[in-house]
Amino acid sequence: MTSPEAAAPRTAASQDAAFFLAARVISLLISLGSQSVLAWFLLPEGRGEYAVCVTFAAVAGLLFTLSVDKGSLYHVTTGGARLSQGVASVLAVTLAGSALVAVLAMPLIGSGALFFKQADAGSFHLALALVPLVYLANAFEVQLTGLRRFGWLAAVLPAQAALVTLLTVALVWGFDGGVNGALLALIVGNGFTAAACLWYFRRRCGLTFEMPSIGIGARLLGYGLRYHPAQMGNFLDSRLGILLLGVIAARADVGDIGIFATASAIMLRFGIPAEVLGTVLFPRSAGVTEDRYALFGLCLRLACGVTVAGLALFILLSPPLVRIFFSERFLDMVPLIRIIAPGILALAATAILSTYFLASKRPHVCSWGSWIGIAVNAAGILTLYPLFGMEGAAWAMTLGLLIEGLFLAVVFHRATGIPLASAWLPRAGDAAYLWRSGRAVLGQAYGWRRTVGA
């Protein structure tokens with residue numbers, strides 16, 4: 001008998017990508033309202049405090065959950081574990097890791113360490129609630145992609161963005177809740193997503209309650225630990241600047257952190273198309289063979305092409321857009337946007353290259369690349385920030401992303417033997433593929449509701 005998770009709807013890759021990309025883009029557009037409220041009402045200083053708290057919670061949660069979500073994704077997708085076993089393991093490890101974070105963080109928050117002076121102690125305490133919720137929301141979203149339930153994600157992700165934005169407006173603007181109001185909005189939004197995914201697993205994927213199994217948990221953690229350095233590295237690649245600035249910047253410079261955090265957060269959104277392509281590609285290429293090499297080359301070209309087009313348009317329009325959405329106080333973002341742009345293009349390529357190594361059961365290559373990039377980023381920040389301020393931190397971020405992408409590209413070509421031109425140079429057929437895919441998705445649009453309910 002076919003299991004519920006194995007009976008996931010088999011839509012075309014172009015439709016999967018379109019649904020997921022549409023959901024992420026809609027979520028991005030909605031979340032811009034939240035980012036705008038944070039900028040206008042928290043100002044650079046408050047935005048910096050918010051960024052430090054959120055980054056602390058996200059990094060701490062990811063560090064102590066040992067990438068069990070990636071182990072669940074791989075083994076559930078390839079049939080090595082049932083969905084119920086994967087979810088039970090993720091819940092157990094997340095709750096245990098979050099409890100450990102709280103035990104270790106409570107004395108540090110009141111210790112007077114410079115990083116924890118960048119925001120009120122009450123804000124850091126509130127951020128501890130984000131630790132399990134952010135990780136579970138992301139883990140369950142990833143698990144849904146492995147099951148190819150893109151229609152449900154196309155409904156949940158915009159709903160989460162809308163909820164966070166509305167609560168941010170109400171709590172920060174309406175009730176003058178400041179940084180704590182913004183954190184509370186994020187807590188509720190991630191809690192909503194985690195609960196909605198669990199409900200869907202139960203109703204549509206056959207999820208049943210199971211006690212965590214030591215054997216299954218060890219297998220999932222075994223895969224997760226091999227990828228854990230890469231997952232930590234991928235996360236820190238783009239957020240290391242906030243962490244290090246929180247340590248080395250004076251309390252008076254928390255506004256710099258706010259401007260840098262806002263610029264990097266907006267620029268990271270341009271990596272969404274490549275992230276979506278990699279996400280859709282993974283379940284179709286797990287256990288990758290040579291006949292899939294051409295598909296990876298196509299995805300590389302598409303990801304880089306779309307990213308270049310989006311970045312070029314945004315850079316051209318960035319001065320008026322920053323002034324409108326973030327206020328005059330954030331105009332120092334504009335040069336940072338231009339500096340970070342090459343790094344975001346490298347990040348787009350890294351998303352596809354990392355998918356290849358994950359699908360071919362070599363997550364350790366991603367780990368090597370991530371930590372090489374982090375070493376460059378960290379050295380750059382410590383060297384360049386004292387000399388050039390925020391622009392130095394932006395250059396450090398870009399250099400780290402470029403070096404990581406270059407490393408993965410070299411290993412990828414050595415492993416596959418694909419010629420450089422075949423993978424990277426645009427082809428006339430790429431535009432034709434996009435055109436055909438767009439027409440196919442539009443032609444199937446009438447079935448969207450059925451896909452959401454599948």
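1. Ser-27 lies in helix H1, where a helix is a DSSP run of H or I with at least four residues, numbered from the N terminus. The model is predicted, so local features need pLDDT of at least 70 and side-chain atom pairs count only at pLDDT 80 or more, while totals for chains, interfaces and linings use all residues. Residues are numbered from 1 along each chain as its sequence is written, and side-chain values use heavy atoms, with hydrogens and water left out.

2. Ser-27 counts as buried because its relative accessibility is 11%, and buried means under 20% relative accessible area, with exposed over 50% and partly exposed in between (1.4 Å probe, protein chains only). Leaving out residues up to four places away in sequence, Ser-27 touches Leu-157, Pro-158 and Ala-161, a contact being heavy atoms within 4.5 Å. The side chain of Ser-27 also reaches the backbone oxygen of Leu-157, at 3.2 Å.

3. Among contacts between residues at least 6 apart in sequence, 84% join residues at least 24 apart.

4. The largest nonpolar core has 109 residues, of which Phe-124, Phe-201 and Met-267 touch the most other members; such a core is a set of buried Ala, Val, Leu, Ile, Met, Phe, Trp, Tyr and Cys residues joined through side-chain atoms within 4.5 Å. Helix H1 (residues 13-64) gives the most to this core, with 18 residues. A second, separate core of 33 residues includes Tyr-223, Cys-299, Ala-303 and Ile-352.

5. Helix H2 (residues 68-77) is largely enclosed by the rest of the structure, because 9 of its 10 residues are buried. Among them are Val-68, Asp-69, Lys-70 and Leu-73, as well as Tyr-74 and His-75. After H2 comes Gly-79, which has a positive phi, near 85°.

6. Helix H13 (residues 363-388) has 26 residues and should span 38 Å at 1.5 Å a residue, which agrees with the 36 Å between its end C-alpha atoms; the expected span is 1.5 Å times one less than the number of residues. Following H13 is Gly-389, with a positive phi, near 65°.

Conventions:
Helices (H or I, at least four residues) and strands (E, at least two) are DSSP runs, numbered from the N terminus. A polar contact is a pair of N or O atoms within 3.5 Å; within protein, one must be able to donate a hydrogen and the other to accept it, and residues adjacent in sequence count only if both atoms are side-chain atoms.
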